[in-house]
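User: I would like to learn how to read the features of a protein model step by step. Could we begin with how burial is judged?

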Amino acid sequence: MSTTRLLHLALLSGLLPWSWASSPAETLHPRDDEAFSPPYYPAPAGGWLSDWADAYEKAYRVVSNMTLAEKVNLTTGTGMFMGPCAGQTGSALRFGIPNLCLHDSPLGIRNSDHNTAFPPGVTVGATFDKDLMYQRGVELGEEARGKGVNVLLGPVVGPTFRKPRGGRNWEGFGADPSLQAIGGSLTIKGMQSTGAIACLKHFIGNEQEMHRESSVITQGYSSNIDDRTLHEIYLWPFAEGVRAGTGSVMMAYNDVNRSTCSQNSLLINGILKDELGFQGFVVTDWLAQLGGVSSALAGLDMSMPGDGAIPLLGDSYWGSELSRSVLNGTVPMERLNDMVTRIVATWYQMGQDQDYPLPNFSSNTLDETGPLYPGALISPTGVVNQYVNVQGDHNITAHAIARDAITLLKNNNHTLPLSTSDSLHIFGTDAGPNSNGLNSCTDQGCDNGVLTMGWGSGTSRLPYLVTPQEAIANLSSNAQFYITDTFPSVTPNSSDIALVFINADSGENYITVESNPGDRTTADLYAWHNGDDLVTAAAAKYSRVVVIIHTVGPLILESWIDLPSVQAVLIAHLPGQEAGYSLTDVLFGTYSPSGHLPYTIPYQESDYPSSVGLLDQVFGQIQDPFTETLYIDYRHFLNANITPRYPFGHGLSYTTFTYSAPVLTTITPLDTAYPPARATKGSTPSYPTTLPNPSEVAWPSTLTRIWRYLYPYLDDPSSITSNSTTASYPYPSGYSTTPKPAPRAGGAQGGNPALWDIAFSVQVTITNTGNYSGRAVAQLYVELPSSDVLGVDTPAKQLRQFEKTGTLTPGESQTVELNVTRKDLSIWDVVVQDWKVPVDGDGVTFWVGEGLGDLRVECAVGGTCAVVDSVS
Ligand code: BGC
């Protein structure tokens, strides 16, 4: 076989590193055995899409009149602990633009008060309920707005459970790109309907916590991802989030293909801004900026919290240094104008010019008064907390999510639901409160009592917590509690039922909990606090044991799952503040469980691909090659023909459902392999390119300087002369100011809009055939034709759509419609650099069912559509 043919095949399979795959002509690299991220310059300007036209028009009018200092102010944080929020920009008060507050978290307002602690992403994913996904987004947005948070730092769609032990998987919606995409985009739409700006994060490849971050002493790992895998797995939910109109995107800490995300020009300029047509602004993760000019040229728009290599020294890669690099001509004026226009346009796009509140809380203290700039050490003081109650009736949604996520893995002999008069013996600290008090651990960095969320920046304080212990005690007439993880000496009667609570925690790397540095290094994939032993001990004494698990992700259950007395097992995920009654709703049968697994539970950890283990190394940069390519979680289990203990999507109910009358309809014929040609790019704001007057960044004589605060000003700006030449600044290789041709896969927010044409629709009627009311989840999996049609192998089945029924009473039916887009049937063609479908959908099969192990309907394009027996 010729070299060219070999190369072509390797490219098609997506197996060559990105250096070859993304744009072969310009990216051949001498070390093809190493990952390499090709340069992509210049940064595309925002403002060319009609959905953002008004906002850009308004921004243009304002930015045209801004001084250099005002422009730089909006791009750069004022420094760590230099305000109430996790980060804040400088202001442009002449135009009514305040310091913009950027603050966590994706599940509630972090380090605040009178906020709701919603369940996190993984729990939301397990509901498979689009209405709840959206509604939680609305309420998060309302709370952000109520507290004066301009940019709420969420949702999370990366990490995506590539590494089952990864510390922050639980912040996202599950181990599947479409589940992440639907969860993320509905959250964004909900949040932004209130005027709050969403921040979709972490872009991209941040799949483990350890060694994520570069600093002056260490280098974060490099996630080495081939082009096809990037597009079909990791980029997928980001594309959907951009399509949903997210106002901002946060760059991850790590490198991708050896180029750090915060200044990776291919990722920001090429993929996010050109291919995905992103019109908002790109912000660093906290302290993830590693260079000033380099990041500006690579497309970064905002630096958070603004500090340079070492925080709290009062210096920055941007701030006054950005002023300098513009004045000396190194960073083109066009680039700065684009950064600021993107930020201001986003502010207008969400309507934040209309009475958006200023921050009325401080994440630094719960005291009413305190320093305004704690990082300054000596700071003016004032009222920092107004204790605004933003909870509204959001407990209703928080409760509904926690309840409708509860996933019944097993229920022998109809052990569940229980009766409130059953004799119940409850074991495990996970049923009870935190013995040190509510919110006693910073950022929930401990595992004490019922596990409501993981730890780190993705958390909030609990305004209150109803524990399972309290809820059961209130409802049951016959419950005894043993809130201990050591099995006590008990002598049960044969009618006693044991409820055993166990959990598994993880979180963000800056906190280590019980020797787990974010990732589950020490705990492995087992229950914490010897929870598995607790179950086994209970199973030895009781004939009926119900296990309730609060967990961040998959666990190995094998030491007890098949014990005869382990009759029922519930995964209650991470329930947030409503842990107690959401669980008793299901335990006592007021509601049937309707959650489904948003990840696979294997028999053993070695069933995962060997490449998805955690990486640890003392010296040098960790290279993390994504050699399993598309085959993470269930895609791997199907591909490797490994039967899991519980497949992705699994979830039982107290009732039963039948599927009938499936109909497959062609909506938009797929008469071409590639989408129709994209529209040409619209125009973008055009400003004078002349350099500003240096006096615009001279220190104002009236300013009272705050120590360590990051300002845009320079001591002697008039001494700076423009000397922009490639000799005076080592521009990155491939740097250019000539715009690239618009990528063919682009054309609108998220990509070519034709990718979202609905190609097929599957309708099916679901009937409750059991004795309880309940909700079914119809999950649609796509099976693409064999490799001779598309030229590449594809995962055997991929989730692309789902719909959850309303509550169906016994005998009741509902017809659901599952729409499948052109993109849902596409592979990323690494040579053509576009999405490719099998023409007319030939060879495509749709499967619909209650989980990958419980498929009920099979519809072949051009063939029959039929109810099938459950397949595993
Ligand atoms: C996290 C982000 C978070 C930021 C601000 C970082 O450590 O990775 O997710 O938004 O801090 O708190």
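Analyst: A residue is called buried when its relative accessible area is under 20%, exposed when it is over 50%, and partly exposed in between. Please keep in mind that this is a predicted model.

User: How many residues of helix α11 are buried?

Analyst: Helix α11, residues 265–275, is mostly covered, with 11 of its 11 residues buried.

User: What is found at the start of α11, and which residue follows the helix?

Analyst: At the start, a side-chain oxygen of N264 comes to within 3.2 Å of the backbone nitrogen of L266. After α11 comes G277, which has a positive phi near 60 degrees.

User: Let us turn to disulfides. How many does the structure hold?

Analyst: A disulfide is a covalent bond between the sulfur atoms of two cysteines. The structure holds three disulfides. When the bonded cysteines are counted along the chain, the pattern is 1-2, 3-4, 5-6.

User: Which parts of the chain does the link between C85 and C101 tie together?

Analyst: C85 and C101 are joined with an S to S distance of 2.1 Å. C85 sits in the loop between α5 (68–75) and β1 (87–88), while C101 belongs to strand β2 (residues 101–103), so the link ties together parts that are 16 residues apart in sequence. Both cysteines are buried. The torsion about their S-S bond is about -110 degrees, so this disulfide is left-handed.

User: Is the disulfide of C441 and C446 left-handed or right-handed?

Analyst: The torsion about the S-S bond of C441 and C446 is about 90 degrees, so that disulfide is right-handed. Its sulfur atoms are 1.9 Å apart. C441 has a relative accessibility of 16% and therefore counts as buried.

User: And in the disulfide of C859 and C865, is C859 buried or exposed?

Analyst: C859 has 0% relative accessibility and so counts as buried. C865, with a relative accessible area of 25%, is partly exposed. The sulfur atoms of C859 and C865 are 1.8 Å apart, and the value of 55 degrees about the S-S bond makes the link right-handed.

User: What is the nearest cysteine sulfur to C199, which is in no disulfide?

Analyst: For C199, the nearest cysteine sulfur is that of C101, 12 Å away. A disulfide requires the two sulfur atoms to be within 2.5 Å. C199 is buried, at 0% relative accessibility. C261 is likewise in no disulfide, and the nearest cysteine sulfur to it, that of C199, is 14 Å away. The relative accessible area of C261 is 0%, and C261 is buried.

User: How should I read a sheet, and what is the strand order in the open sheet of five strands?

Analyst: Strands of a sheet pair through backbone hydrogen bonds, either parallel or antiparallel. In this open sheet the order is β22-β21-β26-β27-β28, and the pairing is antiparallel. β22 (798–804) and β28 (865–867) stand at the edges with a single partner strand each, so one side of each lacks a neighbour in the sheet. On average, neighbouring strands of this sheet are turned by 20 degrees against each other, direction ignored.

User: How many bridges join β27 to β28?

Analyst: Three bridges join strand β27, residues 855–860, to β28, and the two run antiparallel. Across this pair, V857 stands opposite V867 in β28.

User: Next, the ligand. Which residues are closest to it?

Analyst: The ligand is surrounded by 13 residues, of which D104, R168, H202, D285 and E508 are the closest. An N or O atom in the side chain of H202 is 2.7 Å from an oxygen atom of the ligand. For E508, the corresponding distance from a side-chain N or O atom to a ligand oxygen is 2.6 Å, and a polar side-chain atom of R212 is 3.5 Å from an oxygen atom of the ligand. The protein covers 94% of the 310 Å² of accessible area that the ligand has on its own.

User: Finally, which side chain does D834 contact?

Analyst: The side chains of D834 and R744 are joined by a polar contact of 2.8 Å. D834 is placed in strand β25, residues 834–836, and its relative accessibility of 1% makes it count as buried.

Technical notes:
Residues are numbered from 1 along each chain as its sequence is written. This is a predicted model: local features need pLDDT of at least 70, side-chain atom pairs count only at pLDDT 80 or more; totals for chains, interfaces and linings use all residues. Side-chain values use heavy atoms; hydrogens and water are left out. Two strands pair if DSSP finds at least two bridges between them. Helices (H or I, at least four residues) and strands (E, at least two) are DSSP runs, numbered from the N terminus. Axes are lines fitted to C-alpha atoms, for helices over the stretch in contact, and angles run from 0 to 180 degrees between N-to-C directions. Buried means under 20% relative accessible area, exposed over 50%, partly exposed in between (1.4 Å probe, protein chains only). A residue is near a molecule or strand if one of its heavy atoms lies within 4 Å of it. A polar contact is a pair of N or O atoms within 3.5 Å; within protein, one must be able to donate a hydrogen and the other to accept it, and residues adjacent in sequence count only if both atoms are side-chain atoms. Accessible areas come from the Shrake-Rupley method with a 1.4 Å probe; for residues, only the protein chains shown count as cover.
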